[in-house]
Amino acid sequence: MTEESAQAALLLPAIPVLARQELPGTCPLPESSPRKIAFVTGASRGTGAAAAVSLARAGFIVAISARTVEEGKSADGRPVPGSLETTAAAVRAEGGQALALPLDLLDRASIQAALDRVSADWGEVDLLLNNGIYTGPGS
């Protein structure tokens, strides 16, 4: 986990409370639910990585997605810190379960493949955290 991700993790202790709170337009998850599944986009670094770790601490099993799968190897060739592998390791270090899924938000096929994999492996997603953003040329 990068220093930025570690610092962001300290700022996210409220996630477990928010996940259980009834918010307008949501279906609250019962405390007795045997497994809670979270899907986090943009989870290779920063806020997304920190949120994935915080959700794991709260008892969620976490599907994480981003374009950067391996440390230092971004999808578009730019060297960047953080990766799905690093975030998955941080989730597992907290005793959590992680499923790392390469996903490009501009590629509908990769989105569908990630959703199909989560559904096949774990079932229905209980919490979706859309943190991913486009960071390519022109952004």
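## Helix α3

At 1.5 Å a residue, the 12 residues of α3 should span 16 Å, and the C-alpha atoms at its ends lie 17 Å apart, which agrees. The expected span is 1.5 Å times one less than the number of residues in the helix. This is a predicted model, where local features need pLDDT of at least 70, side-chain atom pairs count only at pLDDT 80 or more, and totals for chains, interfaces and linings use all residues. Residues are numbered from 1 along each chain as its sequence is written, and side-chain values use heavy atoms, with hydrogens and water left out.

Is α3 mostly covered or mostly uncovered? It is mostly covered: 10 of its 12 residues are buried. Buried means under 20% relative accessible area; exposed means over 50%, and partly exposed lies in between (1.4 Å probe, protein chains only). The buried residues are G46, G48, A49, A50, A51, A52, V53, S54, L55 and A56. After α3 comes G59, with a positive phi near 105°.

## The whole chain

The chain has five helices and four strands. Both are DSSP runs numbered from the N terminus: helices are H or I with at least four residues, strands are E with at least two. From the N terminus, the order is α-α-β-α-β-α-β-α-β.

The chain has 139 residues, and 40% of them count as buried. Its accessible surface is about 7800 Å², with 55% belonging to carbon and sulfur atoms. Accessible areas come from the Shrake-Rupley method with a 1.4 Å probe; for residues, only the protein chains shown count as cover. Take the contacts between residues at least 6 apart in sequence: 62% join residues at least 24 apart. Contact means heavy atoms within 4.5 Å.

## Confidence

The average pLDDT of the chain is 78, and 70% of the residues score at least 70. Over residues 5-30, the pLDDT is below 50. Beyond near neighbours in sequence, that stretch has 27 contacts in the model. pLDDT is the predictor's confidence in each residue, from 0 to 100.

Seven of the seven residues of β2 are buried, so the strand is largely enclosed by the rest of the structure. F60, V62, I64 and A66 point one way from β2. I61, A63 and S65 point the other way.

Which strands pair with β2? Strand β1 (residues 36-41) runs parallel to β2, joined by six bridges. Strand β3 (residues 98-102) also runs parallel to β2, with five bridges. Two strands pair if DSSP finds at least two bridges between them. V40 has I64 in β2 as its bridge partner. S65 has L101 in β3.

β1, helix α3 (residues 46-57) and β2 form a right-handed β-α-β unit. Right-handed means that, with the strands pointing away from the viewer, the path from the first strand over the helix to the second runs clockwise.

S65 sits in strand β2 (residues 60-66). S65 is buried because its relative accessible area is 1%. Not counting residues up to four places away in sequence, S65 touches F39, V40, T41, G42, A43, L84, L101 and L103.

T87 lies in helix α4 (residues 84-93). T87 counts as buried because its relative accessibility is 3%. Leaving aside neighbours within four places in sequence, T87 is in contact with A43, S44, R45, A49, A52 and I64. The C-alpha atoms of T87 and V69 are separated by 9.7 Å, while the two residues are 18 residues apart along the chain.
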